[in-house]
Amino acid sequence: MLVRTAVHNLSTPLRGIFRPAVTASRSHAALAHARSVLENELDTIRAGGTWKGERIIISKQGPHINVDGTQGDILNFCANNYLGLSSHPAVIEAGVQALQQYGAGLSSVRFICGTQDLHKNLERKLAEFHEREDAILYASCFDANAGLFEVLLGPDDAVLSDELNHASIIDGIRLCRAKRFRYRHMDLDDLESKLKEAQSSRLRLIVTDGVFSMDGDVAPLREICDLSDRYGAMVFIDECHATGFLGPRGRGTDELLGVMDRVHIINSTLGKALGGAAGGYTVGPKPLIDLLRQRSRPYLFSNSLPPPVVGCSTRAVELLLASNEIAQSMTAKTMRFRNSMTQAGFTIAGKGHPICPVMLGDARLASLMADDMLKLGVYVIGFSYPVVPKGKARIRVQISAAHSDEDIDRCVNAFIQTGRKHGVVS
């Protein structure tokens, strides 16, 4: 008995010594296994030619930039900086003033102590810009899309979504409990068929990008609104690639197509044409906006937009409310590029939008051509799966109001030189 007790007393501390070692060993083994799985996945991406590297810009965003590892001035033709406002002196000064007056951030969500008068001012100006009743700010348009559908739609409702809608729309719809109908891309007959199936639902919401960002396609909003009237549905559009520059006053796709009074809800971004910093928003009926403030999870559980971002975005909106000159300059520059590239033998997707996808098909070719373009002083990026469907790789060029005619001609000439090298054009 005494011997057994002595052995027990000796072994107890030993078990305490060896147990952490065993646990640590298992932990390391699990991490090693996970690392192997991840590395295999990364190798597959590299082998498929779809690896997405990140180039490092060492200057302000704009039509002319400096890029780490290159020398001299580089032309930037792939930013969403449609109006060139991300480095506009008045926009920068507004951000500096907001930083000095309101600080770097709120350290809070909106409903606790994260709402300043500048947030409310920007929301009023966005509602005025879009000619809607009210607006609500989010950290991004991805958050705006994630926060809308779950609040608006329940199990008795139906959502009808274009199959090529932005990923954030798809993710947002997944969060709601409504019946889901996906219609073929811009196919009005298929949409009507789905609307007929959804007639027993309490609410019906048609959801579409105003402009589809990968191809520059503009949604047929007039016809969509006609169907919404016929079948008693609401219309939602994501305007990230339209706000600020489409339409006579830059109000977006609904203004361009003459249906501003027939589109009910708009989500858009502050991170592209409206200053290029960050942030998104929803504009629409005031009861909807009020309900989003009460229940939208990305709004309730995310810090409010930093004051410098709000200051920059507010000034960008004010510039567009005061004049449509910048927005109107886009058309001629866009057509200059599209026409020159088509004449050179390239295939350009979309119609008339500053997004000008140079269609190449092969992912590796798109990547190689983009690298060669950088050597010629033009910054563009190859887009491939999963950003676009397999076999639809392209270099997506984006025209900015800040590009000069000389910039556009230089970009076209670089494409011609690179295209000939790779046998894309003769």
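The lining of the second largest pocket splits into seven nonpolar, six polar and four charged residues (nonpolar means Ala, Val, Leu, Ile, Met, Phe, Trp, Tyr, Cys and Pro; charged means Asp, Glu, Lys and Arg; the others, Gly among them, are polar). Keep in mind that this is a predicted model, where local features need pLDDT of at least 70, side-chain atom pairs count only at pLDDT 80 or more, and totals for chains, interfaces and linings use all residues. Residues are numbered from 1 along each chain as its sequence is written, and side-chain values use heavy atoms, with hydrogens and water left out.

**Pockets**

- The second largest pocket holds about 420 Å³ of space (a pocket, on a 1 Å grid over the protein atoms alone, is an open set of points where a 1.4 Å probe fits, with protein on both sides within 12 Å along at least five of seven lines; lining residues have an atom within 4 Å of a point).
- Its 17 lining residues include W51, K52, G53, I381 and G382, the closest to its centre.
- Two or more lining residues come from each of α15 (363-375) and β14 (382-383), and α15 gives the most, with five (helices are DSSP runs of H or I, at least four residues, and strands are runs of E, at least two, numbered from the N terminus).
- In the largest pocket there's about 660 Å³ (a volume is the space filled by probe spheres set on the points, which are joined across faces, edges and corners).
- Of the 28 residues lining the largest pocket, L164, H166, S213, M214 and V387 sit closest to its centre.

**Helix packing**

- Helices α2 (residues 89-102) and α12 (residues 307-322) have axes that come within 7 Å and cross at roughly 140° (axes are lines fitted to C-alpha atoms over the stretch in contact, with angles from 0 to 180 degrees between N-to-C directions).
- On the α2 side, the contact residues include A90, A94, G95 and Y102, and on the α12 side they include P307, G311, R315 and L319 (contact means heavy atoms within 4.5 Å).
- The residues of this contact come out as 11 nonpolar, two polar and one charged.

- Most residues other than glycine have a negative phi, and most peptide bonds are trans.
- Y385 and P386 are joined by a cis peptide bond, with omega about 10°, and P386 falls in the loop between β14 and β15.
- S107 isn't a glycine, yet its phi is positive at about 55°; S107 lies in the loop between α2 and α3 (110-113).
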